[in-house]
Amino acid sequence: MTYTAPPAFTTRPDLVGTFGMTASTHWLATASAQAVLERGGNAFDAAVAGAFVLHVVEPHLNGPGGDLTAVFATADAPGAPTVLMGQGPAPAAATVEHYLAEGLDLVPGAGALAAAVPGAVDAWLLLLRDHGTWELGDVLAYAIGYARDGHPITARVTETIGAVGELFTEHWPTSADRWLVDGRPPEPGDLVTNPAYAAVLEGLIAAGGPADAAVDTSRGGAAPVADDARRDRADRIEAARTEWAEGLVARSIDEFVRRPHRHSSGTDHAGVIRASDLSGFRAGFEPAATVEFRGHTVAKTGAWGQGPALLQVLALLDPLPDELLDPSTADGAHTIVEAQKLAMADREAYYGDHDVPLDALLSSEYAEARRALIGARASLELRPGDLVAGARPLAALRTDDEAAGAVAGVGEPTVGSFAETPADDDPVAAASAEPVVDATGATRGDTCHIDVVDRWGNIVSATPSGGWLQSSPTIPALGFCLGSRLQMAWLDEGTASTLEPGRRPRTTLTPTLVLRDGRPVVALGSPGGDQQDQWQLLYLLRTIVGGYTPQQAIDAPALHTTSFPGSFWPRTWTPGGVVVEDRLGDDVIADLESRGHRVTRAGDWSLGRLSSVTRDPATGVLSAAANPRGAQAYAAGR
């Protein structure tokens with residue numbers, strides 16, 4: 001049996017060149033980042049510019065009030081994959097006791113009680129300060145332009161606004177003022193502006209003083225500048241970080257969240273985040289977690305995110321025959337799904353912002369023991385491993401039906417209750433690569449992504465998220481809202497990811513960097529919540545084992561499992577659940593069902609929003625590829 005051959009047809013070409021490559025989930029972010037490369041910026045300048053554009057043009061997928069993780073390598077230290085940590089912690093007043101006293105048994109999926117400390121903006125500024133070359137004003141000019149002058153809004157954004165329109169008009173008036181036009185969502189293609197956010201960005205630039213210490217351009221370019229404004233580039237960016245953490249943004253958040261508002265629980269609560277939480281947080285750099293797979297080093301975040309689950313799966317699959325690593329066959333799909341279930345069970349038992357026994361979880365001995373659990377039939381159990389350190393207690397498991405019944409039992413469904421959510425009655429919608437947004441603002445699946453590589457060998461993969469327009473009410477002075485990452489923390493005591501002040505919620509954000517012979521060769525990632533690494537795994541298997549090109553791997557039919565507790569409110573699971581694209585084929589799907597998998601067909605082109613850039617260290621040849629699903633992602637380069 002041989003590995004399934006890649007399709008002869010691809011939806012887009014594999015871009016190839018030697019100058020620079022960018023791929024992202026929105027063409028305007030890709031174009032902006034590529035423009036930075038064309039003007040002499042490096043990959044980090046470009047990624048930061050593109051990321052701030054994503055705040056403006058994909059507001060249903062990320063925002064300044066959200067978070068990010070990235071993994072990168074520099075041309076100067078190519079063998080040292082590094083994580084950019086932009087995941088803020090739980091606020092100081094976010095205690096289990098407070099949430100229980102509010103009558104909650106889960107952290108809500110929308111509303112200010114779900115907000116961790118915003119980490120994305122500070123992280124991008126840190127990356128620019130330490131590894132970029134451009135001035136902050138030049139990098140932010142693209143986002144400011146789209147926010148101030150407008151950009152054509154996509155259908156995906158207007159659909160999201162429509163899904164939460166009643167919530168906005170009845171409970172979140174500031175969001176209605178921000179996003180509705182005469183009580184209705186804007187039409188696709190309408191020019192949409194965000195002058196408040198443009199002003200926030202301009203305030204960050206102003207905080208550092210003028211870039212040219214000898215000329216004040218705001219006064220015609222001739223007036224001298226005071227000595228205290230004569231800062232170097234790093235100092236100017238650091239001043240912007242201070243302004244973000246201690247200035248208008250922190251004050252506005254503190255004041256706004258004190259007013260109770262509707263949460264996805266169907267009840268009203270005030271937020272607990274305060275200005276002091278923002279001033280006490282700074283993004284940082286961390287060494288990446290890695291594992292070896294078929295001659296490649298795969299680099300991910302630490303176990304405060306879900307990234308090492310992909311590393312565990314690779315360790316499980318590495319010694320198996322190639323035909324069992326082929327997602328396009330029944331044997332391969334079954335093996336891959338069962339391996340993913342085991343890794344995700346360990347995610348639930350062990351992962352969190354604490355001392356995780358990651359060396360043991362990634363060891364070959366542990367992988368061998370876990371591999372023996374992959375049987376001929378689908379497992380319907382959640383089976384974490386039993387390490388010497390011992391697993392922490394698991395939170396209570398609930399299916400969608402059980403979660404809906406629990407909420408409905410409180411009384412009649414109201415706007416803002418899970419019980420009336422139409423998306424949860426539609427497994428195909430819930431399986432989509434686009435986020436599923438219900439009338440409460442709760443979102444399952446999320447995020448955007450950007451990858452950049454330059455001619456010098458700098459390379460970065462970044463997944464910004466959170467702060468979606470539907471995650472909490474818009475803060476008028478800022479033009480954006482807070483994120484909802486705390487929904488990934490449990491209120492059950494003693495679990496690996498129980499809510500605790502000052503600790504990071506276990507994020508789903510999980511970009512990937514791949515190295516060969518100590519040099520980076522691939523940066524990739526995908527939106528998609530719990531599915532992000534599952535879809536990236538398919539790419540890695542098809543490119544490393546199957547010999548596919550990046551675009552062939554992105555185009556190939558996808559699948560994932562839902563047989564573990566979801567990270568998004570209401571934290572449900574589908575025992576034995578597998579979601580597949582119909583292009584996998586009737587025979588393969590029927591075979592999976594005969595093995596006990598509960599298969600949901602999601603259509604031909606619905607799963608995954610992968611993008612990637614690559615570099616051949618021997619030749620310097622670069623490539624880029626992007627996802628055709630949703631007709632929005634784009635790659636560019638030369």
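In this predicted model, helix H16 shows an exposed face, turned away from its buried side, that carries Ser 364, Glu 365, Glu 368 and Ala 369. The buried residues of H16, which spans residues 364-371, are Tyr 366, Ala 367, Arg 370 and Arg 371. These four lie on the same side of H16 because they cover an arc of only 135 degrees around the helix axis.

Between strand S10 (289-293) and strand S11 (296-300), the loop contains Arg 294. Although Arg 294 is not a glycine, its phi is positive, at about 50 degrees. Arg 294 is partly exposed, with a relative accessible area of 28%. Asp 517 sits in the loop that links strand S16 (512-516) and strand S17 (519-525). Asp 517, again a residue other than glycine, has a positive phi near 55 degrees, and it counts as exposed at 73% relative accessibility.

A further loop, between strand S18 (559-561) and strand S19 (577-580), holds Pro 570. Here the peptide bond from Trp 569 to Pro 570 is cis, with omega near 10 degrees.

As for confidence, the protein has a mean pLDDT of 90, and 89% of its residues reach 70 or more. Over residues 213-230, however, the pLDDT is below 50, and this stretch has 20 contacts in the model beyond near neighbours in sequence.

Conventions
Residues are numbered from 1 along each chain as its sequence is written. This is a predicted model: local features need pLDDT of at least 70, side-chain atom pairs count only at pLDDT 80 or more; totals for chains, interfaces and linings use all residues. Side-chain values use heavy atoms; hydrogens and water are left out. pLDDT is the predictor's confidence in each residue, from 0 to 100. Contact means heavy atoms within 4.5 Å. Buried means under 20% relative accessible area, exposed over 50%, partly exposed in between (1.4 Å probe, protein chains only). Helices (H or I, at least four residues) and strands (E, at least two) are DSSP runs, numbered from the N terminus. The arc is that of the directions from the helix axis to the C-beta atoms.
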